[in-house]
Amino acid sequence: MVQRKRRMMQISMKCSVAVHCLIFIHEARGRVKVTSTLLSQSTGCNPVVIRNTLSALKKAGLLTVARGTGGAELSRLPAEITLYDIYHALEPEGLDSLIGIHACQGRACPVAQNIRRVLEPPYQAIEEAVRRAMEGVTLESMLGTFHALVEEPAEKTGTAPQG
């Protein structure tokens, strides 16, 4: 019997890269100037992708980037930045198109004529639930998870994390 992987809705890889960048920026504060090249090396993404990501986060007021010389910093406290803020900065129409409805309403079939009205209420409820769940996750909570994971190997081996 072939086991199938459980498929999850994929929100956006952009959001994952942005969270990576924000955690890196927060952790590097006061120690190193964070540039798109440095973030590119950490994420494995092209520096152009990083610059576009940082630009969207800056436009949303989540971080500041020094012109010319680089150096990104959070504009708000991690407790004030939600996963939804990050996602929405990168995908402004994202949740509105999380689940699509095919175009068929011009057909003579009564199902085709009404499927949009059948699906819109539950789809809107799903999108609202995803938004609320994302608003309940802060950068601070993700940093807490990150710190727990980084400290975990040190506790098991008795060595301090490198960083």
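Tutor: Let's start with classes: Ala, Val, Leu, Ile, Met, Phe, Trp, Tyr, Cys and Pro count as nonpolar, Asp, Glu, Lys and Arg as charged, and the others, Gly among them, as polar. Keep in mind that this is a predicted model.

Student: What does the lining of the second largest pocket have, by class?

Tutor: Its lining has 5 nonpolar, 6 polar and 3 charged residues. The pocket has a volume of about 240 Å³. Of the 14 lining residues, Lys58, Val65, Ala66, Arg67 and Gly68 are the closest to its centre. Helix α3 (residues 47-59) gives the largest share of the lining, 4 residues.

Student: Why is cysteine 21 called buried?

Tutor: Buried means under 20% relative accessible area, and cysteine 21 has 0%, so it is buried.

Student: And why is cysteine 109 called partly exposed?

Tutor: The class runs between 20% and 50%. Cysteine 109 has a relative accessible area of 36%, so it belongs there.

Student: How do you know that cysteine 21 is in no disulfide?

Tutor: A disulfide needs two cysteine sulfur atoms within 2.5 Å. For cysteine 21, the nearest cysteine sulfur, that of cysteine 45, is 7.3 Å away. Cysteine 109 is in no disulfide either: the nearest cysteine sulfur, that of cysteine 104, is 7.6 Å away. A search of the whole structure finds 0 disulfides.

Student: Which residues of the largest nonpolar core touch the most other members?

Tutor: Of its 34 residues, those are Ile25, Leu57, Ile86 and Leu139. The largest share of this core, 9 residues, comes from α1.

Student: What is leucine 57 in contact with, leaving aside its neighbours within four places in sequence?

Tutor: Leucine 57 is in contact with Ala18, Leu22, Leu62, Leu63, Ile86 and Ala89.

Key:
Residues numbered from 1 in each chain as written. Predicted model: local features only at pLDDT ≥ 70, side-chain atom pairs only at ≥ 80, totals over all residues. Heavy atoms only, no water. 1 Å grid on protein atoms, 1.4 Å probe; cavity = no way out; pocket = protein on both sides within 12 Å on 5 of 7 lines; lining within 4 Å. Points joined across faces, edges and corners; volume = space filled by probe spheres on them. Helix = DSSP H or I, 4+ residues; strand = E, 2+ residues; numbered from the N terminus. Core = buried A, V, L, I, M, F, W, Y, C linked by side-chain atoms within 4.5 Å. Buried < 20%, exposed > 50% of the residue type's maximum accessible area, 1.4 Å probe, protein only. Contact = heavy atoms within 4.5 Å.
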